[in-house]
Amino acid sequence: MFAREVKEEKMKRKQGFLFDYNFCIGCKACEISCQVYHNQDPDINWRHVDMMLIHEDEIEKEIFITHSCHHCDEPACMDVCPVGAYIKLENGIVQPLHDKCIGCGYCIVACPYGSITKGKDGKAQKCNLCAEKLERGEEPACVAGCPCDVLKLVDAGVSDSAGMEKEMPGFKRFFTKPNIRFYPRMKRNEFIH
């Protein structure tokens, strides 16, 4: 009984991703894990890993960002959909309703993060935070697949109270209020004592 209550309480909290770009190696295991778990076509990815160059301490460095749907507090996709093909669950997941989608593409254009794609059937599809896995008490495929443990699913309120950042190089927080947080950047001299 206690385990069920803990699972139900976790499902009610607003979930969000926490990403540590200080230690991401850009291996794309999160991207591939998502694609394999959801049996997606090779040209459809709900999660992407991108490399960026930053200049820090007079050195050019590669950093990586992994991103998918950010399950925003004010999702633009949901606001523009003319048929209500998205719902926001109690735990913050923005859930697509595939059967309701008419394939108009308004949500694809409205998402400032490019997190929605069209499937082979012409309908919109995106990350659902592996809601069915969460129901079973499991981690999303992308989180479980990360070999460096730099991608987590956490309570967004806890991330905020712990001082995690809402932006990183290459990622800006927009009006939709995305539920992804980032560890603060560690500088080279913080590793050396």
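What is the mean pLDDT of the chain, and what share of its residues reach 70 or more? The mean is 90, and 91% of the residues get to 70 or more; pLDDT, for the record, is the predictor's confidence in each residue, from 0 to 100.

Some housekeeping. This is a predicted model, so local features need pLDDT of at least 70 and side-chain atom pairs count only at pLDDT 80 or more, while totals for chains, interfaces and linings use all residues. Residues are numbered from 1 along each chain as its sequence is written, and side-chain values use heavy atoms, with hydrogens and water left out.

Contact here means heavy atoms within 4.5 Å.

On to the overall fold. We've got eight helices and nine strands in the chain. These are DSSP runs, H or I of at least four residues for helices and E of at least two for strands, numbered from the N terminus. The radius of gyration is 17 Å, close to the 16 Å that the globule rule gives for 193 residues, so the chain is as compact as a globular protein of that length. That radius is taken over C-alpha atoms, and the rule is 2.2 Å times the number of residues to the power 0.38. The C-alpha trace spans about 55 × 45 × 30 Å along its principal axes. Take the contacts with a separation of 6 or more: 58% of them come from residues 24 or more positions apart.

How much of the chain counts as buried? That's 45% of the 193 residues, where buried means under 20% relative accessible area, exposed over 50%, and partly exposed in between, with a 1.4 Å probe and protein chains only.

Let's look at helix α2, residues 29-37. Its buried residues are Cys30, Glu31, Cys34 and Gln35. They cover an arc of only 130° around the axis, which puts them on the same side of α2; the arc is that of the directions from the helix axis to the C-beta atoms.

Speaking of phi, most residues other than glycine have a negative one. Leu129 has a positive phi of about 60° and is not a glycine. You'll find Leu129 in the loop between β7 (124-125) and α5 (131-135), and it is buried, with a relative accessible area of 1%. Then there's Lys177, also not a glycine, with a positive phi near 60°. Lys177 sits in the loop between α7 and β9 and is partly exposed, at 34% relative accessible area.

Stay in that loop for Asn179, which lies between α7 (156-161) and β9 (180-182). Buried or exposed? Asn179 is buried, with a relative accessible area of 1%. Its side chain reaches the backbone oxygen of His71 at 2.6 Å, a polar contact, meaning N or O atoms within 3.5 Å, one able to donate a hydrogen and the other to accept it within protein, with sequence-adjacent residues counting only if both atoms are side-chain atoms. Beyond its neighbours within four places in sequence, Asn179 is in contact with several residues, including Lys14, Phe17, His70, Cys72 and Ala156.
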